[in-house]
Each structure stands twice: as C-alpha cells, then as structure tokens.
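User: Could we go through this model together, starting with the ends of the secondary structure and then moving to the side chains?

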Amino acid sequence: MADQDKQEVQVLDFEELLVFIEKRLESAGMKASRDVIVTILQAEEAFLMEKGVLVEIDE
C-alpha cells in the first residue's frame, strides 16, 4: 500500500464525548438531556458521512 493510500483511523470513546459535551454545556450555563445530545451527534455523524469526511470501517 502506498503512503498516500494509508488512512489514519481514530477511535473515540462515546461516553467520554458525552461527558465532555455535558461539562461544556454546564460551564456555559446550559443543560441538555443525553437523548438530545445523542440525537445531535447522530445528525452530525450522518452529515459528515454524507460529505465523505467520515467513513465506516470494518473492525
């Protein structure tokens, strides 16, 4: 595989992401339920996949 064909794969911990978002909202004096945060993250993921920024990989 040529160097230009290699892709960097980064795995994110979803729980860590949720806690980070909750803390950021709290520090801004805001609050949202986890259901709302998850729905927003799913919409963002779908958008980024549609644009080709994110791709699904087989583990």
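User: Which residue caps the N-terminal end of helix 1?

Analyst: Asp-13 caps that end, with a side-chain oxygen 3.1 Å from the backbone nitrogen of Glu-15; a polar contact here is a pair of N or O atoms within 3.5 Å, where, within protein, one must be able to donate a hydrogen and the other to accept it, and residues adjacent in sequence count only if both atoms are side-chain atoms. Please keep in mind that this is a predicted model, in which local features need pLDDT of at least 70 and side-chain atom pairs count only at pLDDT 80 or more, while totals for chains, interfaces and linings use all residues. Residues are numbered from 1 along each chain as its sequence is written, and side-chain values use heavy atoms, with hydrogens and water left out.

User: How many helices and strands are there?

Analyst: The protein has two helices and zero strands, where helices (H or I, at least four residues) and strands (E, at least two) are DSSP runs, numbered from the N terminus.

User: What length does helix 1 reach, end to end?

Analyst: Helix 1 has 14 residues and reaches 20 Å from its first C-alpha to its last, close to the 20 Å expected at 1.5 Å a residue; the expected span is 1.5 Å times one less than the number of residues. For helix 2, the 17 residues should span 24 Å, and the end C-alpha atoms are 24 Å apart, which agrees.

User: And what comes just after helix 1?

Analyst: Gly-29 comes there, with a positive phi of about 75°, and helix 2 is followed by Gly-52, whose phi is also positive, near 85°.

User: Switching to charges, how many salt bridges are there?

Analyst: The count is two, taking a salt bridge as a side-chain nitrogen of Lys or Arg within 4 Å of a carboxyl oxygen of Asp or Glu. One joins Glu-15 and Arg-34, whose closest N and O atoms are 2.9 Å apart, and this pair links distant parts of the chain, with Glu-15 in helix 1 and Arg-34 in helix 2 (residues 34–50), 19 residues apart.

User: Which residue is the other partner of Arg-34?

Analyst: Glu-22 is, with the closest N and O atoms 2.8 Å apart. Arg-34 lies in helix 2 and Glu-22 in helix 1, so the pair ties together parts that are twelve residues apart in sequence.

User: Is Arg-34 buried, exposed or in between?

Analyst: Arg-34 is partly exposed, with a relative accessible area of 31%, given that buried means under 20%, exposed over 50% and partly exposed in between (1.4 Å probe, protein chains only). Glu-15 is partly exposed at 41%, as is Glu-22 at 26%.

User: What does Val-38 touch?

Analyst: Val-38, which is in helix 2, touches Phe-14 and Leu-18, not counting residues up to four places away in sequence, where contact means heavy atoms within 4.5 Å. Val-38 and Leu-18 are 20 residues apart in sequence and 7.9 Å apart in space, C-alpha to C-alpha, and Val-38 is partly exposed, with a relative accessible area of 21%.

User: What share of the protein is buried?

Analyst: Buried residues make up 5% of the 59 residues.
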